[in-house]
Structure formats: structure tokens, C-alpha cells
Amino acid sequence: MRNGGTSIASTATTVNGPTKKSYRSLITIFTTASCAFLLGRQTKTLELYTTYAIPDEDIGISSFVAANPTSTDITTASSMSFNGYQHRLDGEDEADYIIRKSYLNSYAHLLPCDDSTTERNCLLKTQQYFNPATEQERKSLPSVPWWFQTLLRDVVRNGAYGFWHHFATTDPPIHFCSIEKVGTTEWRKVFCDLNEDECPNNGEKYPPHCFSGLVGRKCAFKTSKPLPKDAPLAVFLRDPLERLLSAFLDKCSKPVIRRNERHCEPNEVFNPDPKVDTKALPLITNIEQSGKQLFAAYLDTMPLKWNVHFVPQALMCDLYRTIHTKYAFIGDMGKEFMIDLERMANQFGGRLPTQLDKSFGYVEGVKAKRFNNTGKLNGHATHAPEKVAEYYTAATVRKGLEYLSIDYVTLGLQVPEWARQMLKEETV
């Protein structure tokens, strides 16, 4: 997220460092090249496919598009970029190669949408494209990984586009994108406290926008009051591999949680119904006691049914389409979490600093140079950063990078050094 002491959160359009620059170039290449797969099914112009175009001296596709703005020979552009990324580049390590190749083979095929198309409907467009009515149309489709197909199937129905991802308040006026396993419990407390006057605890019937849940009382994490049209958008992101492990620890590591919450899906594998009479041993017999083995088994089978807690961050709140153009604040739930909380408090003001400090204790955290990324009293925290060596292997790092490549490409996130090192050590 940070490179050379500079945060991408300081601007909604600037990405720093050579690695991020090449990732952003990928967005240009692959969204443009997607046109080749749409011929005969779409009549959009090239402009829609170059939303994220950033010139890059190492990439030929941007020059091709610039020189041929009305060209219909999109197949030429497609082959230029797709063939060029089938091989490892000089000086490129394994982590970056996995991300680029995975993005090429999967998320690069997400179809573009105009601003009027809602986030869920935009994904439905791609889902329907990859599931045509006739066998002839199916044969003409590009080949994509099976896990990408199941993600397209599940993400439109598993809660990834639920209203609970959208928080808002009027003091200060701000919209906030809340993402599972990125401090959701604490962020809900923050916005519920900011909107506490909307859900008075006086025994009367609560307004319909007041919900019970994680904060132990009826509250409104999204205000019902009107906000200015130019109210800014904000979001905190988290390292995708760390978030993936955090979700596993929270939803899968304990049998009682698997049984009660049923978020460790597919439940047929990780939480079979005891009422079903079968003589077969549970599918996770003999691996459940090993954290590494259970985590590996989960990553192998997880895409059979994508749970919302494991869906890439980029698909939440339409971030892959909007983060670099519409978000006024992008924070990092990493080692500089406290610093970013302070920056957010200073940027928006109002009652936000008080509530942020109440939930996260950022004032003292900044003074003490504290690196934790949890709330003051968050018993829900999984402390995933300290457990990566206990659960990850080189194989599961590869799997995580493959599934979550869209987060690294479109959100400008950096692969953590421990993951790069784990891959290098296995190679040696």
C-alpha cells in the first residue's frame, strides 16, 4: 500500500512506485484487449475499454490504441498484450508473475459498464456473457479458470452487494465503504455512534434503518438524513493475503464457529449436517488438527461456493471501477493504520476524530508508534499478521495471489515481503 513513505491514499489518482505502475498498465491492456472477446456481442467503442489507461514505456498496447482510436482490428491489440504476458519478464519475481498471469486469465475479462450501471448489474453482465444460451456461443468464449466462473456465479447472490457495505453520516458528511475483515466490527461502532441520535433508546419503535447486530444495540450505520451531493467517499483496504487468513481464522478454524455461523463454505465439506445419516468419515478428518493443512484444504475447495468474507475487496462497493476516480480517502489497515486513522480524522473533522479515537485509540497509538490494526477492545480480532508463518505455505501463497490478483492490480496494493520471501525460499 505504501511505497517510499508515500500512501496511495494521499490521492485518488496517483499510484507510486514501479510495481504499481506496471499493475495499472495491466488494467489498460486487459480491459482494452477484452474487446476482442466482445465482437459480435457488444458495440461499445474503445473509449469504454481504456478507462484506466496510463502510458507506460514498457507496454505497446497504449500506443496502439492511441494511434488507432477508431480501429476495428482489436484482435491485433489483444494478441499483442495477451501473448506478451504469458511469459515471465526479466527481473520479475514469482509473486508478480502469478498476479499478472492470473489477472490476465480471469479478471481482465470483466466487462466494462457505464456509470449508470449498478455494481451488481455490472457483474451480472459478465456472468451472463460467460453463460450464453447456445453451445455455439459457448465454444467461442475465452477460456477462464473454473474458480472465476464460480465467483461470477456466487458474488451476485452471496451478500457482496448488500446494503451493509455502505455506511454514511452527516457530521462530517461522508460515505464509507465497509468491507468484511477490514475492521467491519469497529467501523460499524464508529458510524453507529455518529448516528446515535437516529435510534433513541427510549422504548419506542425504532426507525426501519436502525439494525441490531455487532454493536449490541439497535443503531444506524447509514444515516437517513440527506447528504450533500458532493459528500466524499472513503475506504480502508487491507493486504489481501492477510485478510484471507483473517477470514479463515474467524470463520473456519474453530468447529463451534463453523457450526453456528456456517460461513466456512462449502458447508458440505467443512460443516456437514449431523442429521444426514452417513457412514463416511467427515471430509476434513485427519487434517483438521493441522492449521496449514486445513487452510490449504480450504483454499482448494473455497471457490466451490464463495462466501462473502472471502470475496476480493475490489468487488466490494464497485472499487475496481471507482477507487481511483471517486474516492477522496483511501486508508491502509496495515502497519501504519494508526497514522491513516489520524489522517482521516484530520481530513474530515466534525465528530469523526472523537469516535475514531473511542473505537481505535489512534491518538495514543500514533504517539506510541503502535503498529496494531485492531480496535481498543476488539475481541473479534484474529491477529492474522502474527500468524502468517503458522498457516501459510508457498503453495497457499500462490493460491491466494491467484484468487485475489484483482486487489493487487486495481487497488494498487503491494505483495507483503513475507510472501515474496516464502516463495523465494521454496525455490532455493
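**Note on the disulfides**

1. Cys113 and Cys122 are joined by a disulfide (a pair of cysteine sulfur atoms within 2.5 Å), with the two sulfur atoms 2.1 Å apart. The link of Cys113 and Cys122 is right-handed, with 100 degrees about the S-S bond. Cys113 and Cys122 are both buried, where buried means under 20% relative accessible area, exposed over 50% and partly exposed in between (1.4 Å probe, protein chains only).

2. The model is predicted: local features need pLDDT of at least 70, side-chain atom pairs count only at pLDDT 80 or more, and totals for chains, interfaces and linings use all residues. Residues are numbered from 1 along each chain as its sequence is written, and side-chain values use heavy atoms, with hydrogens and water left out.

3. Cys177 and Cys317 form a disulfide with their sulfur atoms 2.1 Å apart; with 95 degrees about the S-S bond, this link is right-handed. The pair links distant parts of the chain, 140 residues apart: Cys177 is in strand S4 (residues 173-177), and Cys317 is in the loop between helix H13 (291-301) and helix H14 (319-326). Helices (H or I, at least four residues) and strands (E, at least two) are DSSP runs, numbered from the N terminus. Cys177 counts as buried because its relative accessibility is 2%, and Cys317 counts as buried at 6%.

4. Cys252 is joined to Cys264 by a disulfide, S to S 2.2 Å. The torsion about the S-S bond of Cys252 and Cys264 is about 110 degrees, so this disulfide is right-handed. Both Cys252 and Cys264 are buried.

5. The count comes to five disulfides. With the bonded cysteines of the chain numbered in sequence order, the pairing reads 1-2, 3-10, 4-7, 5-6, 8-9.
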